[in-house]
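Thanks for coming, everyone. Let me put the structure up, and then we'll walk through it.

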Amino acid sequence: MGNFANSFNEISELLQKGKAKDIVVAVENALKEGAAPADILEKGLISGMSVIGGKFKNGDVFVPEVLIAARAMNHASATLKPALMEAGVKPVGKAIICTVKGDLHDIGKNLVRMMIEGKGVEVLDLGVDCPNDKIVEAVRVSEAKVVCLSALLTTTMLSQKEAIDALKTAGLRDKVKIMVGGAPITQSFADEIGADAYTPDAASAAEVCRAFYN
């Protein structure tokens, strides 16, 4: 598959630069040339998103660049999806993400979702101000393995605990790994409320989430 290395590099570069229109053309060309859809995803898109994730973590790029790269990723994924399905390539698993009850912030949640999708995990986004019964129901019906709870306010931190308690009451707590994050959250708070993981930024969240599927 070495002859497609340039195509994969080009796709990765276009994604990092956030060139949404150009990346669609590059993905279509790679497919026409006979590159495997799974390789385009892994060596082009996921590889490019990993670079952006690393730069974001190190402070070399910021939220706007990540959002632009993620938009390019979404365009490229939509173009690639039919070919992936035809080839029988499935996501590595499914995760649920939401901003907890009482909290309307979504930029952090959206960043984490994009980064997780960039690792090949399908994400069910339940939105903001998410009631606990909606989380419980999603876990019950979706076969998701990971639940990511975001809280950006000190006043909504405890909603993360309430969501975990609701899953316990429903008898579903042991079926999922629960990740928490957001500006006021700390490792000790995560331990206190019984979460499985806490990460300080979107790139780390994606790495930890992906590791749960290994």
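Start with pairing: two strands pair if DSSP finds at least two bridges between them. Helices (H or I, at least four residues) and strands (E, at least two) are DSSP runs, numbered from the N terminus.

Some ground rules. This is a predicted model, where local features need pLDDT of at least 70, side-chain atom pairs count only at pLDDT 80 or more, and totals for chains, interfaces and linings use all residues. Residues are numbered from 1 along each chain as its sequence is written, and side-chain values use heavy atoms, with hydrogens and water left out.

Now the sheet. What is the strand order in the open sheet? It reads β2-β1-β3-β4-β5, 5 strands with parallel pairing. At the edges sit β2 and β5 (197–198), each pairing on one side only.

Take β1, residues 94–99. It runs parallel to β2 (residues 122–125), and 4 bridges join the two. Lys-94 stands opposite Glu-122 in β2. β1 also runs parallel to β3, this time with 5 bridges. There, Ile-96 has Val-147 of β3 as its bridge partner.

How do we get from β1 to β2? Helix α5 (residues 107–117) belongs with them: β1, α5 and β2 make a right-handed β-α-β unit. Right-handed here means that, with the strands pointing away from the viewer, the path from the first strand over the helix to the second runs clockwise.

Stay with β3, which spans 146–150. Val-146 lies in that strand. Buried or exposed? Val-146 counts as buried, because its relative accessibility is 0%. The cut-offs: buried is under 20% relative accessible area, exposed is over 50%, partly exposed is in between, with a 1.4 Å probe and protein chains only.

What does Val-146 touch? Contact means heavy atoms within 4.5 Å. Leaving aside neighbours within four places in sequence, Val-146 is in contact with Lys-94, Ala-95 and Ile-96, then Lys-177 and Met-179, and finally Cys-209, Phe-212 and Tyr-213. For scale, the C-alpha atoms of Val-146 and Gly-181 are separated by 13 Å, at 35 residues apart along the chain.

Over to the helices. Helix α1 covers residues 5–17 and includes Leu-15. Leu-15 is buried, because it has 0% relative accessibility. Beyond four places in sequence, Leu-15 touches Ile-23, Leu-45, Gly-48, Met-49, Ala-69, Ala-72 and Met-73. Its C-alpha is 9.8 Å from that of Asn-74, which is 59 residues away along the chain.

Ser-12 counts as buried, at 8% relative accessibility. With the residues up to four places away set aside, Ser-12 touches Gly-44, Ser-47 and Gly-48.

Next, the largest pocket. About 690 Å³ of space lies in it. Of its 22 lining residues, the closest to the centre are Leu-41, Leu-84, Pro-91, Glu-117 and Gly-120. α3 (37–58), α4 (63–86) and β2 each supply at least two residues of the lining. Which element gives the most? That is α4, with 7 residues.

Lining residues have an atom within 4 Å of a point. Points are joined across faces, edges and corners, and the volume is the space filled by probe spheres set on them.

Cysteines. How many disulfides does the structure hold? The count is 0. The criterion is a pair of cysteine sulfur atoms within 2.5 Å. Cys-98 is buried, at 0%. For Cys-148 the closest cysteine sulfur is in Cys-209, at 4.8 Å, also too far for a bond. Cys-148 is buried as well, at 7%.

Asp-129 is not a glycine, yet has a positive phi of about 50 degrees. Asp-129 sits in the loop between β2 and α6 (132–142). It is partly exposed, at 36% relative accessible area. Glu-143, not a glycine either, has a positive phi of about 65 degrees. Glu-143 is in the loop between α6 and β3. At 73% relative accessibility, Glu-143 counts as exposed.

Notes
On a 1 Å grid over the protein atoms alone, a cavity is a set of points where a 1.4 Å probe fits but cannot get out, and a pocket is an open set with protein on both sides within 12 Å along at least five of seven lines; lining residues have an atom within 4 Å of a point.
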